[in-house]
Amino acid sequence: MTRTRPLAVLTTGAALLALASCWGGPGDPDDRDRPESERLFVETGPAVKDATRTGPAVPVPGADEGGTLTVYLPGAPGPDTLDPSGALSAVGNPIQQGLVSRSLTQYARGEDGGAVLVPDLATDLGRHNDDYTEWTFTIRDDATWEDGSPVTAEEVAFGICRSLDIEEFSHGPGSEYARTYFLGADGYDGPYAGDDPDCADWDGISVDGQDLTIRMSRPFPDMDYYGAFMAMGPVPLGDASDPVAYRQRPLANGPYEVERWDPYEQLVLVRNEEWDAASDPARHQYPERWVFKFTQDQAKVDEIMLSGSPRGRDALSTSVGSGRYREAERLLGDRLVQTPTSCVATVTPDYTKITDVRVRRALAYAFPYEDVWQAAGEVANVTRVRAHSLMPPGMPGHRDVQVGEEVITYDPAHARELLAEAGYADEPYPLTMIYFELDPQVRAAQDQVTTGLEAGGFSVKAIPVQESPYDTWLNPDDELDRRLNVRAANVCPGWPGGSALLPTLLRTGATFNTARFSEPSVDDEMDRIATLPIDEQADAWADLEREVMERWFPVVPVADINRLFAFGTGVGNPSGDSSMGTPNYKDLYVER
């Protein structure tokens, strides 16, 4: 997901980036039973699958139909595209995947609150050959577009092929996953850049009736998880999906369609009357209308949600300011919902510019973690906890990674010692970064970043920008990006495995490798791990992470991330979606 709340370059107040989805569910049931005043950070639990789930979705007890549900998103600018082939937004994707655009598979909320991978447009979770190099999905025959026409296997195949066009969808999931795993995808330019409007030049996918078969260049046992990305869903054939227009107004095949989208301001959805509930194992269509309000001021939203204002009754907020957290606990009770995610926030010193590993480690000791979280409106040990690895808690193979015998904490004196060892004792080491200046909490967080790093022996040049930092970070040819030597990459892996995370951050040339890290031996090892038996991969990914962090330390793990949502008294079934780290959009309703 290319952007959410665009915090300061080193700020971890919210995930700036997520790759399409999170996964899992609450990890420790004892922790969920704690009183609100003792709420602790909740970890994700193991992923669950149910290949036999059919529609309609199990009704939510007591749910009403009708009404308008308003969602306030403080500090979050929203998606930069609604085109499912290129969408990778931590804010926009959960909305669109939950309500508008369907894919091969999807997540439902389990009875324990955790996420369950279930079919969506496919009739099951796919069938694979013995070595996971070929997957076949049967497309259901009762799914329709908003104009009443059926969704076809050919349209799903075209949507998948379309996502491979990295010139048109350079920051989409196809650039990270499809081009890595799908046979022939790496050398295919796409329907637009390659002047192949019918995708005739790519033979990695085939259609036979309602069966769609994808062939892999390497084993891909996680294809059923990747099937939950919107890029693994249908797009209309021909001119109807011209990228310029389709990014503004995609054709819906879920329970809601787009009525209006004002980028960075609001998105309005209304019921899709052609959606058939019997075709969908996980979604509901309870509200008549959804209004999503982006880039909201946290203080104003807190007042709406906590003051008893009528505007807050049929509304929810995707965050609560740290200064009003205790008040929110007292006033909202079980309408203040904590939702775990698999997201990890990182700082990425430029590997090509900051070449001494001691300087990169010094940066980790000089980063004032909790001061930054507080300034950004986060709650320590509730929405943020210190990360000591890239692979998040709950991911198979997760281990805390230490540098030597130490667990890295904020220690500016030790940062100065490391800089002195590297030959920078006399003058501060210069760092250049950017931050999103339009959000006051971002500005406050950047002040804390600068103060902490300067105490640790660095000098900081912080450049304000008025667009998401990712517009700069993800374009190595950008003139401003070439001036930077520190960036960030906050990632929510798309499935529970190192293959969804470590290549994204560490592979040479990967879109979200904002550290510009490149070591051929690491690339080779990632390729080797992908060919191992499934039961050996988790430990292999963990071993690789330990080696990378102890030898090169190219990325600073900053925080594991939880979310807090505030629900109004008129919102039924207040709950979170741990597959996305967002409100449970599929199951909410307005009490009538």
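Gly321 sits in the loop between β12 (315–317) and α8. Helices here are DSSP runs of H or I with at least four residues, strands are runs of E with at least two, and both are numbered from the N terminus. This is a predicted model: local features need pLDDT of at least 70, side-chain atom pairs count only at pLDDT 80 or more, and totals for chains, interfaces and linings use all residues. Residues are numbered from 1 along each chain as its sequence is written, and side-chain values use heavy atoms, with hydrogens and water left out.

Is Gly321 buried or exposed? Gly321 counts as buried, because its relative accessibility is 6%. Buried means under 20% relative accessible area, exposed means over 50%, and partly exposed lies in between (1.4 Å probe, protein chains only). Setting aside neighbours within four places in sequence, Gly321 is in contact with Gln298, Asp302 and Gly377. Contact means heavy atoms within 4.5 Å. Gly321 and Pro74 are 247 residues apart along the chain, yet their C-alpha atoms are separated by 9.4 Å.

## Tyr325 in α8

Tyr325 lies in helix α8 (residues 325–332). Tyr325 counts as buried because its relative accessibility is 3%. Glu378 is 53 residues away from Tyr325 along the chain. The C-alpha atoms of the two are separated by 9.3 Å.

## The nonpolar cores

A nonpolar core is a set of buried Ala, Val, Leu, Ile, Met, Phe, Trp, Tyr and Cys residues joined through side-chain atoms within 4.5 Å. The largest one has 118 residues. Ile160, Phe182, Met223, Tyr226 and Phe458 have the most contacts inside this core. Which helix gives the most to this core? Helix α9 (residues 357–366) does, with seven residues.

Ile160 touches Leu104, Phe182 and Trp202, among others, not counting residues up to four places away in sequence.

## α9 against α11

Two packed helices are described by the angle between their axes and the distance between the axes. Axes are lines fitted to C-alpha atoms, for helices over the stretch in contact, and angles run from 0 to 180 degrees between N-to-C directions. Helix α9 packs with helix α11 (residues 412–421) at about 170 degrees, and their axes are 8 Å apart. So α9 is roughly antiparallel to α11. By angle, under 35 degrees counts as roughly parallel, over 145 as roughly antiparallel, 65 to 115 as roughly perpendicular and the rest as oblique.

Helix α9 brings Arg358, Val359, Arg361, Ala362, Tyr365 and Ala366 to the contact. Helix α11 brings Pro412, His414, Ala415, Leu418, Leu419 and Glu421.

## α15 against α16

The axes of α15 and helix α16 (residues 534–551) come within 10 Å and cross at roughly 170 degrees. So α15 is roughly antiparallel to α16. Val522, Glu525, Met526 and Ile529 of α15 meet Gln537, Ala540, Trp541, Leu544 and Val548 of α16.

Arg507 is in the loop between α14 (502–506) and α15 (520–529). Arg507 is buried, because its relative accessible area is 18%. Not counting residues up to four places away in sequence, Arg507 touches Arg218, Leu502, Asn513, Phe517, Asp523, Met526 and Asp527. Met526 is also one of the α15 residues that meet α16. Arg507 and Glu519 are twelve residues apart in sequence and 8.1 Å apart in space, C-alpha to C-alpha.
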